[in-house]
Amino acid sequence: IAAGSAVATRVESGHFQGDLAVVLEGVPDSYSTAEWPQPYGVWDVTDPVRASLLSAFQLGNQPLGYGSTGELGDKPHLSKAVAGHHLFALYQRGVWADREQGLAIVDLSDPLHPSVVGDWEGAEGVAFLSMSINEGGTRAYLAGVWPPFWGTSATHGYLFVIDTSDPTNPIELGNISFPLRGTPSSMFSNTVSRDESRLVLADGSWGASGENGILNIFDISDPTAISKISTVSLPESEGWGSTMATDAVLRGNLMFSAWLAAGVRATDLSDPANPVQVGRFTSPLTGSPSISDLALLGEDHIVAAAVWGPGVFVLARPDQIQR
């Protein structure tokens, strides 16, 4: 399960047995921009030394979420994930005030012929900016802002929970709206706990007095009655303008979050209404690397990727360091 420019999954079907990577714009130059403005390349990476392109598809003809109309236009920013032989991807259909946004589900069981099997058309006027799914791919969590576009005038954030247990018939289970604490705003990422009781949404709001980006913590144990538990933010003194929440991962009661120039913070959520910071990491490298993306590595480590500077870091969890 992943989000970004590429995702990978294991497929065991009558058509294919092995590992697939779905790569945004991951196709040879022979796929012209005019015909394939935003293609997904499906690659056989069972043997990563001899990866081979199996097919290509697109969810429309709107590069980077802009441009002309299409049957299903793609909005690729932090907006896709895989579980088993299904790809989940946010899309955009239409342009500007007439556009619609939602969730497309693509069947990859025959990677030579990927097909869209499910389509949840979203909520009118909400610009969806991030998505995550649970480990089984039976629920999708979509976050966005209203009114769009890109939160430059947004006043509210939204979180939707979608039942995807039947990929051909995605159904909304519940949603919550909450006022934003600053604009512009962008829902950079959201991540759900393994037991699906909590969700952390990284909101890049800035402009709120004394804050730079916000982590919103939700109780999603009952998707029909979602509630906001608390927020986490860093003070303005820690680098206004270069500090905001961009990503978070959960492991048990620990939350690890990326804050660009402010590095990585570890927060204890044993009492989610009162989060407590228990660890921090800032890059020792020159070039002002800003930590933007996080991933879990096994049970005991975190991978932190830097943007605007060099560095990929492997960090030990605070509870492991203390042993």
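**Entry 1: a bridge across the chain**

I began with Glu299, which forms a salt bridge with Arg194, the closest N and O atoms being 3.3 Å apart. By salt bridge I mean a side-chain nitrogen of Lys or Arg within 4 Å of a carboxyl oxygen of Asp or Glu. This pair links distant parts of the chain, 105 residues apart: Glu299 sits in the loop between β22 (290-297) and β23 (301-307), and Arg194 in the loop between β14 and β15. Strands here are DSSP runs (E, at least two residues) and helices are runs of H or I with at least four, numbered from the N terminus.

Before going on, I noted that this is a predicted model, where local features need pLDDT of at least 70 and side-chain atom pairs count only at pLDDT 80 or more, while totals for chains, interfaces and linings use all residues. Residues are numbered from 1 along each chain as its sequence is written, and side-chain values use heavy atoms, with hydrogens and water left out.

Next I checked how open the two partners are. Glu299 counts as partly exposed because its relative accessibility is 42%, and Arg194 counts as exposed at 53%. The scale is simple: buried is under 20% relative accessible area, exposed is over 50%, and partly exposed is in between (1.4 Å probe, protein chains only).

**Entry 2: other salt bridges**

How many salt bridges are there by this rule? I count six. One of them joins Arg10 to Asp19, with the closest N and O atoms 3.2 Å apart. Arg10 is partly exposed at 44%, and Asp19 is partly exposed at 25%.

Arg50 and Asp47 form another, with 3.1 Å between the closest N and O atoms. Here Arg50 is exposed at 62%, whereas Asp47 is partly exposed at 32%.

**Entry 3: the whole chain**

I stepped back to see the overall picture. Of its 323 residues, 51% count as buried. The chain exposes about 13900 Å², and carbon and sulfur atoms supply 52% of that area; the areas come from the Shrake-Rupley method with a 1.4 Å probe, and for residues only the protein chains shown count as cover.

I also looked at contacts, meaning heavy atoms within 4.5 Å. Among those between residues at least 6 apart in sequence, 45% join residues at least 24 apart.

**Entry 4: the nonpolar cores**

Which residues touch the most other members of the largest nonpolar core? In this core of 18 residues, they are Leu159, Met187, Leu199, Phe218 and Ile220. A nonpolar core is a set of buried Ala, Val, Leu, Ile, Met, Phe, Trp, Tyr and Cys residues joined through side-chain atoms within 4.5 Å. At least two residues of this core come from each of β10 (127-133), β11 (139-146), β12 (156-163), β13 (171-179), β14 (187-192) and β15 (198-206). β11 gives the most, with three residues.

I took a closer look at Leu159. Leaving aside neighbours within four places in sequence, Leu159 is in contact with Tyr141, Leu142, Gly174, Asn175, Ile176, Phe178, Leu199, Phe218, Ile220 and Ile226. There is also a second, separate core of 17 residues, and Val11, Leu59, Val82 and Tyr91 are among them.

**Entry 5: a sheet of four strands**

Some of those strands turned up again in an open sheet of four, in the order β10-β11-β12-β13, with antiparallel pairing. Two strands pair if DSSP finds at least two bridges between them. β10 and β13 are the edge strands, each pairing on one side only. Ignoring direction, neighbouring strands of this sheet are turned by 20° against each other on average; the axes are lines fitted to C-alpha atoms, and angles run from 0 to 180 degrees between N-to-C directions.

β12 and β13 pair in the antiparallel sense over eight bridges. In that region I found His156 opposite Pro179 in β13.

**Entry 6: two single residues**

Is His86 buried or exposed? His86 counts as buried because its relative accessibility is 14%. His86 lies in strand β7 (residues 86-93). Not counting residues up to four places away in sequence, His86 touches Ala81, Ile105, Val106, Asp107, Val117 and Pro167.

Last, I looked up Val45, in the loop between β3 (40-44) and β4 (52-57). Val45 is partly exposed at 23%. Leaving aside neighbours within four places in sequence, Val45 is in contact with Asp19, Leu20, Ala21 and Ala51.
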